[in-house]
Amino acid sequence: MLRIASRTVAAVKPAAPAVRVAARNFSLKLNIPVDREQQGGRRKEEIDAEDKGEVGFNRDPIVPSADAGTKENPILVPSGFHRRTVGYEDPFTHQIVWFNLDQGPLHYVPDINLYFKLSPPTGH
């Protein structure tokens with residue numbers, strides 16, 4: 001017995017239509033948080049003070065009078081907190097040297113022979 005194998009050729013079907021992938025729509029309004037919503041710590045304290053019309057951190061330089069800096073007449077550094085970080089220029093290296101000034105006692109800096117004292121802020 002002879003069998004003849006017949007081949008049937010399937011008709012070539014056209015390719016299925018491409019599936020549309022949803023593109024990201026950049027025209028939608030995204031909820032991007034603003035600076036105020038992302039802050040914490042000291043930056044948040046500064047922003048909260050600004051909202052109240054206060055100066056949380058005064059970055060203005062202090063230019064003392066010529067007779068300030070003695071034990072009897074210390075350089076007054078305004079701060080709304082119990083501690084403030086203060087910097088001065090070292091006379092030899094011309095680099096900024098930082099120290100923490102606490103409320104209460106005088107702080108003496110031997111490098112520049114000056115006294116500092118923390119005081120309440122006087123408005124801005």
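A patch, in the sense used here, is made of residues with over 30% relative accessible area and no salt bridge, where like charges are joined within 9 Å and nonpolar side chains (Val, Leu, Ile, Met, Phe, Trp, Tyr) within 5 Å. Accessible areas come from the Shrake-Rupley method with a 1.4 Å probe, and for residues only the protein chains shown count as cover. This is a predicted model, in which local features need pLDDT of at least 70 and side-chain atom pairs count only at pLDDT 80 or more, while totals for chains, interfaces and linings use all residues. Residues are numbered from 1 along each chain as its sequence is written, and side-chain values use heavy atoms, with hydrogens and water left out.

Begin with the surface and select L28, L30 and I32, which form a nonpolar patch with about 330 Å² of accessible area together. L30 is found in the segment before α1 (35-38), and with a relative accessible area of 49% L30 is partly exposed (buried means under 20%, exposed over 50%, and partly exposed in between, with a 1.4 Å probe and protein chains only).

Next, colour the whole chain by secondary structure, where helices (H or I, at least four residues) and strands (E, at least two) are DSSP runs numbered from the N terminus. The protein chain has two helices and five strands, and from the N terminus on the elements run α-α-β-β-β-β-β. Of its 124 residues, 16% count as buried.

Now turn to the helices and their charged side chains. A salt bridge is a side-chain nitrogen of Lys or Arg within 4 Å of a carboxyl oxygen of Asp or Glu, and by this rule the count comes to five. Select R36 and D51, whose closest N and O atoms are 2.9 Å apart in a salt bridge; R36 lies in helix α1 and D51 in helix α2, so the pair ties together parts that are 15 residues apart in sequence. R36 counts as partly exposed at 46% relative accessibility, whereas D51 is exposed at 52%.

Staying in helix α2, select R43 and E46, which meet in a salt bridge of 3.2 Å, N to O, and are separated by about one helical turn because they stand three residues apart in that helix. E46 is buried, with a relative accessible area of 6%, while R43 is partly exposed at 32%.

The pocket is the following stop. On a 1 Å grid over the protein atoms alone, a cavity is a set of points where a 1.4 Å probe fits but cannot get out, and a pocket is an open set with protein on both sides within 12 Å along at least five of seven lines, lining residues having an atom within 4 Å of a point. Grid points are joined across faces, edges and corners, and a volume is the space filled by probe spheres set on the points. The largest pocket holds about 1,000 Å³ of space, and of the 39 residues that line this pocket, F57, N58, R59, P78 and R84 are the closest to its centre. Strand β2 (83-89) gives the most to the lining, with seven residues.

Finally, select H94, in the loop between β2 and β3, where phi is near 60°, a positive value in a residue other than glycine.
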